[in-house]
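Please find some notes on the chain shown here. They start from its contacts and end at two single residues.

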Amino acid sequence: MSTIPLQLQQEGVDATVSCTTCDAVCCRLTVVVMPEDVVPRHLVERNDHGVEVMAHGEDGWCVAIDPLRMCCSIYDQRPGICRKFAMGSEYCRDERETYRTRYDHL
């Protein structure tokens, strides 16, 4: 599972990329929960390194994802790193391509 980098690039954003036409690929990444984040505690777990992260279900998706609508169920309370993730950024597009490459053949 990839981790969202601390330095998120706003440059090179592709305006044609939209969350409404995505499989919420970013919701499979490891999201570190910072002390200032006000995330419902039942959605947070500690990883093997003792760092608080958003929990993932057995299917690999963040537990905050609404599986029927493929959107964040705690959008107004989502962690800061999720707020900084730039839709259509190079990182976003790379993660989408990696996901397509890995799962489109199944």
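1. Contact here means heavy atoms within 4.5 Å. By that criterion, valine 25 touches Trp61, Glu95, Arg96 and Tyr99, with residues up to four places away in sequence left out. The model is a predicted one.

2. Where does valine 25 lie? Its place is the segment before strand S1 (44–46). Valine 25 and arginine 96 are 71 residues apart in sequence, yet their C-alpha atoms are 6.1 Å apart in space. Valine 25 has a relative accessible area of 6%, and because buried means under 20%, valine 25 counts as buried.

3. On the overall fold, the chain has two helices and four strands, arranged along the sequence as β-β-β-β-α-α. Among contacts in the chain with a separation of 6 or more, 63% are between residues 24 or more positions apart.

4. On burial and surface, 37% of the 106 residues of the chain count as buried. The chain exposes about 7,200 Å², and carbon and sulfur atoms supply 52% of that area.

5. Arginine 78 deserves a separate entry. This residue sits in the loop between strand S4 (71–72) and helix H1 (80–84). Arginine 78 is buried yet has no salt bridge. The nearest side chain of opposite charge is that of aspartate 76, 5.3 Å away, whereas a salt bridge requires a distance within 4 Å.

How values were computed. Residues numbered from 1 in each chain as written. Predicted model: local features only at pLDDT ≥ 70, side-chain atom pairs only at ≥ 80, totals over all residues. Heavy atoms only, no water. Buried < 20%, exposed > 50% of the residue type's maximum accessible area, 1.4 Å probe, protein only. Areas by Shrake-Rupley, 256 points an atom, 1.4 Å probe, with all protein chains shown as cover. Lys, Arg positive; Asp, Glu negative; His and termini not counted.
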